[in-house]
Amino acid sequence: MTLWPEVEGVSGAEEVEHTADRAFRIRGRNLRQLLERAAQVLVVLEGEPLARECFVQRVIEVEGTDRETLLVNWLNEILYLEQTHQEIYHHCLLQDVTDHHLRAQLYGRPADHNIASAKAVTFHNLEVKESSEGLEATVVVDV
Amino acid sequence: MLGTHNFVHVEEFVWEIPPTYRPDMRVPARLYADEELLNLALSDNSITQLVNTATLPGIIQHAIAMPDIHQGYGFPIGGVVATRLPHGVISPGGVGYDINCGVRLLVSQATVEEIQPFLKEIASALYSNCPSGVGARGSLRLTDTELEEVLHEGACWMLGQGYGEPEDLNHTEEFGRVPGAEAAHVSEHARERGRGQLGTLGAGNHFIEVDRVAEVWDQAIAARLKIYRDNVAVQIHCGSRGLGHQICEDYVSRFQKSVHDYGITLPDRELVCVPLDSEEGLEYLGAMACAANFAFANRQRLAHMIRQSFEQVLTGRIKDFHLHQVYDIAHNMAKIEEHEIDGHPLRLCVHRKGATRAFGPGSAVLPDDLRDIGQPVLIPGSMGTASYVLLGTTAAMRQTFGSTCHGAGRVMSRVKAKKAVRGSELLEQLKSRGIVVCAGSMSGLAEEAPTAYKDVSRVVEVVHQVGIAKKIARLEPVAVIKG
């Protein structure tokens, strides 16, 4: 079991209006923080609190042709692992982050119910762009 | 900002934005709607998305949107785009993540009055026997070989396993099996996501619904479809589950690079596309067909479990409750079809994203017993509201590549819907109307509140009046099963 500091909600992430699906504007000091917060948004989508106790650990590597593809592939890989292993990943430790590659450890626990997670993260209007706080991206999630 | 002033009112219920609106448009953008639905469409980004689809290479005639149009991701929901073979593009976003999301309709000789005393038992049996929820697992445990067989054979595989009746396939779009499926182009991720999900409903706006046939406009046609007023009907609305979602993800991601290799520039990355005759295009088409077949097999298995549920509850209590299949349609698909354009037959790739095929009388692809009347079209309403059975028409073949609407279309985000109504309140409202509800999530129920959707009757009236589908019957819910 791994213990994490409690996190109240998801800093630097806010939901934006979308008629059919869910959309989130995510900000981070750098790409690493942007990716971390984006992963936490998936937990929020599932209606789960960001838990302290984690019993499961998985290591993943993701590639992308650019930052946007990396972001989408990262989130979709998490969704894939959640749905095939019936687990929820409340925390992640990102390592070796570049614009085209990341390696990460996911920490979570088995889901005790059918996961109400997303179908997929889309590229719709996606751009990882510079902002006054670092980086910003708006992600649309097909639910 | 787009407004009604950007549209040319071509004729009643037909509005167009000319290609002069934006330099990257290749064809006009055409919307089928009344004035109220047009204004609703302008309240989100759906019209901008429609204009974006008019930029796709190889597109012919018009980028089209149905009156249930609403904002999607890339294509608007309710969008229809046809590209010309061989070099016109295919776009996975023009099909959607839930490949072959669609509707199957079953009808019975039993009346709602006959089953009313047992309705709660039926709903409970359906909820118990038909797994629901996004990550739901089914009871079938497929080997690698069996999964590949499902991907190639679709509903035919299910029939071979003893699930369903031969007539089911005859009354399914593509007869339950899209040709050209190539499992070699389906990733391991997709196989793993889908493997345990065959025979499951999913969540969101997916449902099983027991209905009353409330109104019949054409009794002779309805009788041909075994639809009679006050009789029981059952709808299934679901798709290809995690397998389809992953296939779309895989190819949308892959095409992010490919689109540059082919020198294609697009206003939205979710519209990524490649020439249909390219290696990537053909591989996507083969994988998409696999997902479509998985969805047909999924609905075939669910139909079997629904019939079993009815037998479980009604055997010995009601004389004739057997459920016959009216039809099964897809509303997220890309099909290679031949259409007459300017008097000449042309092979096209018709993308329907939240739009339904609506082939008219005489279409060679329809089953023998339906060819003279046209293809049944199934339009589910939002929860607690009406659903419709229509027929495809010759006018649809002329105007919309044989296409029509698919449902009510959302007007309110899921977040707003949950703020506007509590799931428990909605449940009580439905119960007060005599509708039995079995739902896995009160939050999910609130997201699907009828107020979050357009008036489906209005949407159907537009397609009926413009002639791209013909009203046959209206169904009203008596029981709803949701994830």
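What follows is a conversation about how terms are applied to a predicted model.

Tutor: Because this is a predicted model, local features need pLDDT of at least 70 and side-chain atom pairs count only at pLDDT 80 or more, while totals for chains, interfaces and linings use all residues. Residues are numbered from 1 along each chain as its sequence is written, and chains are lettered from A and ligands numbered from 1 in the order in which they are written.

Student: What makes S5 and S7 of chain A antiparallel partners?

Tutor: Strands are DSSP runs of E with at least two residues, helices are runs of H or I with at least four, and both are numbered from the N terminus. Two strands pair if DSSP finds at least two bridges between them; S5(A) and S7(A), residues 101-110, are joined by 8 bridges and run antiparallel, so they pair under that rule.

Student: Why are S5 and S6 of chain A said to stand at the edges?

Tutor: The open sheet has 3 strands in the order S5-S7-S6 (chain A), and S5 (56-63) and S6 (87-95) each have a single partner strand, so one side of each is left without a neighbour in the sheet. The twist from one strand to the next averages 30°, where axes are lines fitted to C-alpha atoms, for helices over the stretch in contact, and angles run from 0 to 180 degrees between N-to-C directions.

Student: What makes the size of chain B agree with a compact globule?

Tutor: The radius of gyration is taken over C-alpha atoms, and the globule rule is 2.2 Å times the number of residues to the power 0.38. For 483 residues a compact globule would have a value near 23 Å, and chain B has 21 Å, which agrees. Buried residues make up 63% of the 483 residues in chain B.

Methods:
Buried ≥ 20, exposed ≤ 12 C-beta atoms within 10 Å, placed from the backbone.
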